[in-house]
Amino acid sequence: FIFQSCEKYKDYLPHGGATKNLSIAAIVSKNPDFSLLKLALQQTGLTEALNKPGALTVFAPDNSAFAAAGFPDETAVKNAPVDILKGILLYHVLGSKITAAQVPVGSNTPVKTLSEQDIYVTSKSGKVSVNGAAVIKADIMASNGVIHVINKVLIPPTGNIVDLVAGNPDFSLLLAAVLRASEGSTNVAGLLSGSGPLTVFAPTNMAFSKAGLSTIESINAANPDDLTAILAYHVVAARVFSTDLVNNAKVPTVNGEKITVKLGNKKAAVEGKSNTSPSLITAADLVTTNGVVHVIDQVLLP
């Protein structure tokens, strides 16, 4: 098996040349497209760790990846809390050298990082992703390991699915629905806090409002078992990243019905049996300790 680049990428040294005699930190330092990663390493004191002799693997986000993650410039990187930034960077580093030929073919193979948390590597049809981030350039050999360039910053999980929902004010109606449903015959909150793995397509507050449930009071007035049936239609009993989605695939949910995947030119979407239009995935691949969450703009209707 070999990695395949998803797009043409510039030389990793400004004027070309071999990288194998340079450390990982030196390669990052010399390429201007890694300027934000270079600064993040400096801010967290990790530059020296990537300079030392050893055998490491770094999944390296380029500047575009940092910008998409909310770090568009050096000021944003400098203003980030150092402990949080350090945890993010360590989540991109493996304590052993893994070249392209050593990556197993399969879906979501867990690999332990230096943050002591797993990332999930998928390889299909010659394309490789990590937590839904595409590898766009592989096997940049360094004196102390190897770099694989990715198109997203990997954010380590800080809790389970319910923790993620509870920590985001734009999911307050979803949280209310989970708690109300748990008053019925099924402990929905307990299931979503369990070991998993699970994938949740999570409707925002606006999505609930479109479905006629615009307040916590209206949700609390609903039948708990009816809410359970709807919520279960948003849950898949597997870890499914955006890169695992296949156009027109019928994906079984835990309520026994299927949702349909729609892949357009710009955004992926999922559609329920009774929806008149697909629900766009507005944010993808939010990793939790027991699965992954994708944010959608409509409630899925079975």
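Which residues line the second largest cavity? Select I24, V28, L37, L41, L50, V58, F59, P61, L89, H92 and V93 to display that lining.

The structure on view is a predicted model, in which local features need pLDDT of at least 70, side-chain atom pairs count only at pLDDT 80 or more, and totals for chains, interfaces and linings use all residues. Residues are numbered from 1 along each chain as its sequence is written, and side-chain values use heavy atoms, with hydrogens and water left out.

**First stop: the second largest cavity**

A cavity is a set of points, on a 1 Å grid over the protein atoms alone, where a 1.4 Å probe fits but cannot get out; lining residues have an atom within 4 Å of a point. Grid points are joined across faces, edges and corners, and a volume is the space filled by probe spheres set on the points. The second largest cavity holds about 70 Å³ of space. Next, colour helix 1 (24–30), helix 2 (35–44) and strand 1 (56–61), the elements that give two or more residues to its lining. Helices (H or I, at least four residues) and strands (E, at least two) are DSSP runs, numbered from the N terminus. Strand 1 gives the most to this lining, with three residues. By class, ten lining residues are nonpolar, one is polar and none is charged. Here Ala, Val, Leu, Ile, Met, Phe, Trp, Tyr, Cys and Pro count as nonpolar, Asp, Glu, Lys and Arg as charged, and the others, Gly among them, as polar.

**Second stop: the largest cavity**

The largest cavity has a volume of about 110 Å³. Select L174, V178, L192, V200 and L231, which are the closest to its centre of the 14 residues that line it. Helix 6 (161–166), helix 7 (172–181), helix 8 and strand 8 each give two or more residues to this lining. The lining has 13 nonpolar residues, one polar residue and no charged residues.

Move to P197, in the loop between helix 8 (188–192) and strand 8 (198–203). The peptide bond that runs from G196 to P197 is cis, with omega near 5°.

Select E116, in the loop between strand 3 (106–112) and strand 4 (118–124). Although E116 is not a glycine, its phi is positive, about 70°.

Finally, select D285 in strand 13 (residues 279–288). D285 is not a glycine either, yet has a positive phi of about 65°. At 9% relative accessibility, D285 counts as buried.

Terms used
Buried < 20%, exposed > 50% of the residue type's maximum accessible area, 1.4 Å probe, protein only. 1 Å grid on protein atoms, 1.4 Å probe; cavity = no way out; pocket = protein on both sides within 12 Å on 5 of 7 lines; lining within 4 Å.
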